[in-house]
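Me: I would like to go through some labels used for a structure and check each against its cut-off. Here is the structure.

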Amino acid sequence: MSLAILIGVFVGGLAAGIPVAVTLGLASMCYLLSAGIPLVVMPQKMYAGIDVFVLLSIPGFILAGNLMNHGGITERIIRMANALVGWMRGGLGLSNVAGSMLFGGISGTAVADAASIGGVMIPGMKKVGYPGDFSAAVTAASSTVGPMIPPSVPMIIVGSLSGISVGRMFMAGAIPGILLGLAMMVTVYIIAVRRGFPHQPWQGFAELGRSFLSAFWALAMTALIVGGLLSGMMTPTETAVVASVYAFIVGVFIYGELPLMKVPKVVIDSAISSAAILALVGFANVFGWILVSERIPQMVAQAVLSVTDNKFLVILLINLFLLFIGMFMETIAALIVLFVPLLTLAQSVGVDPLHFATFAVLNLMIGLTTPPVGVCLFVCAGIARLPLAPVVRAIAPFLLTNIIVLLLVSYFPVFSTWLPSVIFD
């Protein structure tokens with residue numbers, strides 16, 4: 001009965017549009033009351049869930065990304081991407097994807113990527129003749145690359161849940177992230193050729209060099225983050241703090257586009273975003289503890305294995321389930337609630353935990369661009385000032401491309417395990 005109440009309140013809260021964090025908290029509280037468990041367990045489990053050193057890196061990376069974004073990074077990255085690929089057919093669309101790949105190595109979040117890149121690229125693409133629905137669709141689709149290329153907030157969450165090294169998680173996502181970006185660039189080019197989208201003249205190596213120098217300090221931040229982790233000189237949390245200090249110096253003193261008067265607001269906005277994530281982690285930890293105490297992970301594994309113990313079919317079933325969940329549930333909440341049960345299932349058929357974590361995160365990133373709760377989809381449609389329906393139609397080819405990449409990463413572990421094994425083993 002208590003478990004039925006837990007699931008009923010959780011599903012009902014989501015259906016009613018209550019924020020996921022609040023829904024998790026309400027469902028957990030109702031379970032504890034119905035089971036006769038003292039409510040003091042709730043704050044204990046909440047604080048246990050967020051009392052993890054690596055989670056301190058989340059506010060750091062969010063602050064670093066916001067400081068760089070307000071400090072002129074977006075325009076410089078787009079300028080460089082445009083100099084690289086803008087001369088090709090559909091060049092601005094290609095620049096959009098390339099910009100997301102570069103920006104993803106700084107922000108670590110898909111929504112920040114969609115809002116920052118989209119705010120510049122969508123109006124610019126519409127101005128030179130690209131359809132608004134295509135402009136919004138390519139921006140939303142390419143924003144999913146960001147959390148795959150280090151740093152990555154979802155990867156940090158997964159590392160804290162599973163005990164997998166966050167450094168390994170970052171490296172595991174690098175090749176799939178690049179593969180995802182390149183696949184979307186191919187899709188953009190094919191669509192652009194078929195529909196006769198415009199392209200710009202080649203701007204010359206001089207402009208390429210100038211744009212690179214202009215974006216150098218922004219790009220160097222990615223090297224700082226990755227280099228700090230790989231060298232072993234810094235933990236992810238220490239790397240996030242150093243990245244924030246670096247972003248402040250670059251934005252205020254080198255680029256000169258971040259006024260000191262604006263810094264407090266950036267810090268407050270970053271704190272609000274971080275608090276929302278950590279509150280979600282805390283409530284979800286209570287929910288997850290209940291699921292574990294009810295042996296839900298084992299029940300899920302046994303239910304699936306009673307149907308099939310074929311490794312490839314189990315991977316397919318997990319992907320289909322996560323694609324469905326991603327349509328309705330926020331990424332971090334889905335990871336916290338579902339990752340441990342599904343990891344138990346995956347390991348039971350011999351899937352490497354690092355490999356599973358990579359394709360699980362990639363799967364839920366795709367969910368950010370699927371209706372009805374695709375956050376990046378809403379952000380880009382809002383910037384383009386379009387209803388959701390035409391943007392959904394326009395993003396369909398990109399969803400197909402992303403699912404193909406997902407299947408490659410799911411069935412060929414080398415894409416996610418090779419780089420960490422070379423660097424750390």
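Me: Why is Lys 265 called exposed?
Reply: Exposed means over 50% relative accessible area, buried means under 20%, and partly exposed lies in between (1.4 Å probe, protein chains only). Lys 265 has 52% relative accessibility, so it counts as exposed. This is a predicted model, in which local features need pLDDT of at least 70, side-chain atom pairs count only at pLDDT 80 or more, and totals for chains, interfaces and linings use all residues. Residues are numbered from 1 along each chain as its sequence is written, and side-chain values use heavy atoms, with hydrogens and water left out.

Me: What makes Asp 269 and Lys 265 a salt bridge?
Reply: The term requires a side-chain nitrogen of Lys or Arg within 4 Å of a carboxyl oxygen of Asp or Glu. For Asp 269 and Lys 265 the N to O value is 2.9 Å, so the pair meets that definition. Both residues lie in helix H13, 4 residues apart, about one turn of the helix. Helices here are DSSP runs (H or I, at least four residues), numbered from the N terminus. Asp 269 is partly exposed, at 29%.

Me: How many salt bridges does the structure hold?
Reply: The structure holds 3. One of them joins Glu 207 and Arg 210, at 3.4 Å from N to O. These two residues are 3 apart in helix H11 (residues 204-231), so about one helical turn separates them. Glu 207 has a relative accessible area of 10% and is therefore buried, whereas Arg 210, with 46%, is partly exposed.

Me: Which residue forms a salt bridge with Arg 76?
Reply: Glu 257 does, with the closest N and O atoms 2.9 Å apart. This pair links distant parts of the chain, 181 residues apart: Arg 76 is in helix H5 (residues 73-85), and Glu 257 is in the loop between helix H12 (236-254) and helix H13 (263-293). Arg 76 has a relative accessible area of 15%, so it is buried. Glu 257 is partly exposed, because its relative accessibility is 39%.
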